[in-house]
Amino acid sequence: MYITSRGIDNALDAFMETNMFCSAPPRFALSLLNQTVLIGDNLSLVCNATGSPQPAIYWFFNGSLLQNETKQELAYVADTIMLSGLYSCTAGNVVLNVSSDEAYINVIECPPGTFYEFGSCIKCQKGTFQYNWNQVQCEKCQKGHMTLTAGSVNSSDCYDIDECIANVTSCEQNCKNTNGSFICSCTWINELSADGQSCSDAKIYEQ
């Protein structure tokens, strides 16, 4: 008797779970969002679907079913621009199958001379360079060096700034450019002050 009663209970539970009159169709709590992803970064989409019974999830790429992708989160390493395209999910239970809006995923590559920020490849500013692909920042030229233009791709693009000609020094009298810096000096009747830039009357010591 106990076994029979338990079998009836299990059957009733299964019926209630699949009874469309006691069920709710799938609903999407959040929409899929368009994204721009740097190649090599993680790509993640979440199919936020609820329903009773819990709906099954199916993912689509450019309208084609993605085999074996049945979890709420679709997660990839975006290792190729071939992953760019339209993604959507379908949630289905005994009541209804519902499809989400499509989201466009743009996987981009940033060439040398640029860096990735906020979904775009941006040229390295003057005074910086980048020789690798798909980087998130540019390298700075060493102190006292600059590049001629933005978008430099090599450290050899950095040239020494002649601070004396550029008039960026505070030398009171003479200025001599050095690699990456400069040296101030004074005329023979003056001497260089402790600040390394201004000149003062030379001290004369009597014998």
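Which backbone oxygen lies 2.5 Å from a polar atom of the side chain of Thr-114? The first legend gives the answer, and each legend describes a close-up of a predicted model.

**Figure 1**
The backbone oxygen in question belongs to Pro-111, and the separation from the side-chain polar atom of Thr-114 is 2.5 Å. Beyond the neighbours within four places in sequence, Thr-114 is in contact with Cys-121, Ile-122, Lys-123, Cys-124, Gln-130 and Cys-138. One of these, Cys-138, is 24 residues away in sequence, with a C-alpha to C-alpha distance of 7.2 Å from Thr-114.

**Figure 2. The disulfide of Cys-110 and Cys-121.**
A search of the whole structure finds 7 disulfides. In the link shown here, the sulfur atoms of Cys-110 and Cys-121 are 2.0 Å apart. The angle about the S-S bond is -90°, and the link is left-handed. The pair joins distant parts of the chain, 11 residues apart: Cys-110 is in the loop between strand S10 (103–108) and S11, while Cys-121 is in strand S12 (residues 120–123). Cys-110 has a relative accessible area of 0% and is buried. Cys-121, at 33% relative accessibility, counts as partly exposed. Cys-121 is also one of the residues in contact with Thr-114.

**Figure 3. The disulfide of Cys-124 and Cys-138.**
The S to S distance between Cys-124 and Cys-138 is 2.0 Å. With -80° about the S-S bond, this link is left-handed. The two cysteines are 14 residues apart and connect distant parts of the chain: Cys-124 lies in the loop between S12 and strand S13 (128–129), and Cys-138 in the loop between S13 and strand S14 (139–140). Both Cys-124 and Cys-138 are buried. The contacts of Thr-114 include both of these cysteines.

**Figure 4. The disulfide of Cys-186 and Cys-199.**
The sulfur atoms of Cys-186 and Cys-199 are separated by 1.9 Å. This link is left-handed, with -90° about the S-S bond. Cys-186 and Cys-199 are both buried.

**Figure 5. Aromatic pairs of the model.**
The search of the whole structure finds 2 aromatic pairs. Phe-61 and Tyr-87 form a tilted pair, 4.8 Å centre to centre, with 40° between the planes. This pair links distant parts of the chain: Phe-61 is in strand S5 (residues 56–61) and Tyr-87 is in strand S8, 26 residues apart. Tyr-87 is buried, at 1% relative accessibility. In the pair of Phe-129 and Tyr-131, the ring centres are 6.3 Å apart and the planes are at 25°, so the arrangement is stacked. Phe-129 counts as buried at 7% relative accessibility, whereas Tyr-131 is partly exposed, with a relative accessible area of 49%.

**Figure 6. The largest nonpolar core and the contacts of Ile-105.**
In soluble globular proteins, nonpolar side chains tend to be buried together. The largest nonpolar core holds 20 residues, of which Trp-59, Tyr-87 and Ile-105 touch the most other members. Strand S3 (42–46), S5, S8 and S10 are the elements that give two or more residues to this core. Residues up to four places away in sequence aside, Ile-105 touches Leu-33, Gln-35, Val-37, Leu-43, Leu-45, Leu-83, Ser-84, Gly-85 and Tyr-87. Tyr-87 is also the partner of Phe-61 in the tilted aromatic pair.

**Figure 7. Asn-93 in the loop between strands S8 and S9.**
Asn-93 is located in the loop between strand S8 (85–92) and strand S9 (97–99). Is Asn-93 buried or exposed? The relative accessibility of Asn-93 is 14%, under the 20% limit, so the residue counts as buried. The side chain of Asn-93 reaches the backbone nitrogen of Val-95 at 3.0 Å. Apart from neighbours within four places in sequence, Asn-93 is in contact with Ala-24, Pro-25, Pro-26, Gly-51, Ser-52, Pro-53 and Pro-55.

Methods:
Residues numbered from 1 in each chain as written. Predicted model: local features only at pLDDT ≥ 70, side-chain atom pairs only at ≥ 80, totals over all residues. Heavy atoms only, no water. Contact = heavy atoms within 4.5 Å. Polar contact = N/O pair within 3.5 Å; in protein donor to acceptor, adjacent residues only side chain to side chain. Helix = DSSP H or I, 4+ residues; strand = E, 2+ residues; numbered from the N terminus. Buried < 20%, exposed > 50% of the residue type's maximum accessible area, 1.4 Å probe, protein only. Phe/Tyr/Trp six-rings, centres within 6.5 Å; stacked < 30°, edge-to-face > 60°. Disulfide = S-S within 2.5 Å. Core = buried A, V, L, I, M, F, W, Y, C linked by side-chain atoms within 4.5 Å.
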